[in-house]
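Please open the structure in your viewer and keep the selection tool at hand.

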Amino acid sequence: MPLRVRNYIDGRWVDGSGRTLESVNPATGEALASAPVSGPDEVAAAVAAARRAFDQGDWRWRKGSDRARALLKLADLLESRTDEISALIAREMGKPVRVNRAREVEGAVDKLRYYAGAARMLEGRVTGSTLPEIWDMELPEPVGVAALIIPWNDPVDLAVRKLGAALAAGCATIVKSSEITPASTAALIEAVHDCGAFPPGVVNLLHGPGDPTGDALVGSAGVDKISFTGSTATGIAIMRRASERLAKVSLECGGKLPAIIFPDADLERCLDAVTFGAFMYAGQSCTACTRLIVHRSIHDRVVEGVVARSRKLAVGDPLDPKVLVGPMASRKQYDKTVQYIRMGLEEGGRPAIGGVPKEPGRSLYLEPTVLVDVPADGRVAREEVFGPVLAVHRFEEERDALALANNTPYGLGGSVWTQDISRALRTARRLDVADIWVNTHYIRHVETSFGGRHLSGIGRELGMAGVEEYLTWKRLCIDTRSSFHLKDWFESDRGGQP
Ligand code: NAD
C-alpha cells in the first residue's frame, strides 16, 4: 500500500478534496506515496492560515531567542529521525541513503541550528552621520507570508534552506513539495508538527504539481514572498506571475558548471573530484560538474582517468549504504537525459563511456556518459541536462578556457584546477559565475551564502544574506529637537539644505 500523505494547514493534517498524485520508487517502479493535488480551495485555505498566523499571531513579534528555541527543537527531532527520513528519500527519488544521511538530513539539521542562531542576530542600523538630536535608523521586519517552492532533488535540505531562514526572520510559510517527492518533504513537516514548537499556521504544507497548485500559490494576493528552487523555465514563469503584484521573488535555478583543468593540476585529486561531481546521485544536482575544460596536453589522460573512475562507481540499490549512484529520480528525468545524450551524439560528440542505453527505459538506471569533442556551441555543451552526462572540451590558452567556460547562459558555479595560485585567482575572477571552487568540488557551508547569476537565478540562500531574503526594511527617523526643522529653515534667511 502506498503511504498516504496529506496537506498540513493551520496546524492540522488535512485531506485534499479529490484528485491525487502518486510518487514512485524509481528503483523498483512501485508506487510509494499518494498525495493530494491541491486546487485553488486548498491553496486559499493554506494562504489564509498563514496570513492569520502572520497578521494576528505572535510569531513575528516573539524574541529571537524564542524563535531560536523552536528551531532548535525542530532540529533535535529531525536529527532523531535521520535514519528513517534518509531511507524514505532513497526510496522516493533514488538518491543513495548514505548521501541522504550526510548531505540531506544531517545537513538540514545543521542548517536549522544555524538559523536558530540567525534568529538572534537580526540587526538594524542607526546612522552616526546625522545631527546628534536626530536618530535615523533602519529596522528589519519579516516580509510576511512566504511561499517556499522546492524541487525533488533535495526534498528535505532545500526545504530547510528556505524554511529555516523564513522562520528565523519571523515569517509565516507555505511549503510546496515537488510532485515527485511529496512523502520526503512531508516527513520534514511531520517533525515540525510533532515538535510542537510552532503556532498553527506558521508552517503549512501543500502537495501538488505546478499546475494547478504552484501556479495558484504564486498568484495568491496573500503571498508576500516567493522563494523558488527549480528549473529556469519555471523560475521565469514564476517571476512573470509574481510581477503582476510586485511580490518579492528569489529564484535558485539551473546550472552548467565547468571545471577548468590546467596542466599543473593535481590530477589524482582532480579526477576523483570531477567524477564524484559529475556522477554522484546520477548527476541530479544543480551544482554537478557537467563540463570539463581541459588543457590539450592532458586531455587524453583526463578522459581516461574519468572513464576508469566512472567504471568503478558504486551503482545500485539506493538503500544500500555502500552505493553512490542510484537510478534517475523519474521516468521524465531519465527520458530527458537520454534525449540529451542522443543530441550530443548528433552534434558530433563521441562517447568515451556510456551513450544511449542499449535498451532505453528498461530500468531507470543510466550509465555515466562522457562525451568528448562536443562542439562548444552545441546544446549539450550549453544547456542543463540534470543527469549523468559530462561534456569534455580542450583548450590551448587560458583565455580560450575562460571563453569556453563562460559560453553558457547559466552562472551558478564552476571549479578551477591548478597549483598556481596566481592563475587560480585570475581565472576565478574572470569566470562569470557566482560560486567557485579551487581544487575541490561540493564543499558547502551554511555560513556562506549561495545563489546564481544570469539564468541560474536571483537572490541568495544560506548565510545571513539568505535570511535577509525574508526581511523587509523599515526606516524610522526621530527628531528630538523642540521645533519643526522646515519651519525654522523657512523663517530664517538661511539657504542650503534644511
Ligand atoms: P521544476 O521547475 O520542474 O519544479 C520545481 C518546483 O516548481 C516543483 O515543486 C514544481 O511543482 C513547481 N512548479 C512547476 N511549475 C510551476 C509554476 N508554474 N508555478 C509554481 N510552481 C511551479 O524543477 P525540478 O525538475 O523539480 O527540479 C530540477 C531543477 O531544479 C534543475 O533545473 C536544477 O538545476 C534546479 N535546482 C536548482 C538548485 C539551486 O540551488 N540553484 C538546487 C536544486 C535544484
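A residue is called buried when its relative accessible area is under 20%, exposed when that area is over 50%, and partly exposed in between. The model on your screen is a predicted one.

Select Asp76 and Arg113. Their side chains meet in a salt bridge, with 2.8 Å from N to O. Asp76 belongs to helix α2 (residues 64-80) and Arg113 to helix α4 (residues 97-118), so that the pair, 37 residues apart, links distant parts of the chain. Asp76 has a relative accessible area of 44% and is therefore partly exposed. Arg113, with 30%, is partly exposed as well. In general, side chains of opposite charge can pair when their charged atoms come close.

Next, select Arg101 and Glu106, whose side chains form a salt bridge of 3.4 Å, N to O. Arg101 is partly exposed at 32% relative accessibility, and Glu106 is partly exposed at 37%.

Then move to Glu359 and Arg362. Here the closest N and O atoms of the salt bridge are 3.2 Å apart. Which of the classes, partly exposed or exposed, applies to Arg362? Its relative accessibility is 67%, and Arg362 therefore counts as exposed; Glu359, at 49%, is partly exposed. Now select Arg51, Asp55 and Asp224: salt bridges that share partners join these residues into one network. A search of the whole structure finds 36 salt bridges.

Select the ligand and display the residues around it. The shell holds 29 residues, of which Ile150, Glu179, Ser231, Thr234 and Glu384 come nearest. For Lys176, show the side chain: one of its polar atoms lies 2.9 Å from a ligand oxygen. Glu384 likewise places a polar side-chain atom 2.6 Å from an oxygen atom of the ligand. The protein covers 89% of the 850 Å² of accessible area that the ligand has on its own.

**Last stop: the shell as a whole**

Colour α7 (210-219), β11 (225-229) and α8 (232-243), the elements that give two or more residues to the shell. The most comes from α7, with four residues. By class, the shell consists of 14 nonpolar, ten polar and five charged residues. Finally, colour by domain: domain 1 (3-253 + 456-476) and domain 2 (257-438) each contribute at least three residues to the shell.

Note on methods. Residues are numbered from 1 along each chain as its sequence is written. This is a predicted model: local features need pLDDT of at least 70, side-chain atom pairs count only at pLDDT 80 or more; totals for chains, interfaces and linings use all residues. Side-chain values use heavy atoms; hydrogens and water are left out. A residue is near a molecule or strand if one of its heavy atoms lies within 4 Å of it. A polar contact is a pair of N or O atoms within 3.5 Å; within protein, one must be able to donate a hydrogen and the other to accept it, and residues adjacent in sequence count only if both atoms are side-chain atoms. Accessible areas come from the Shrake-Rupley method with a 1.4 Å probe; for residues, only the protein chains shown count as cover. Ala, Val, Leu, Ile, Met, Phe, Trp, Tyr, Cys and Pro count as nonpolar, Asp, Glu, Lys and Arg as charged, and the others, Gly among them, as polar. Domain bounds come from an automatic or database domain assignment. A salt bridge is a side-chain nitrogen of Lys or Arg within 4 Å of a carboxyl oxygen of Asp or Glu. Buried means under 20% relative accessible area, exposed over 50%, partly exposed in between (1.4 Å probe, protein chains only).
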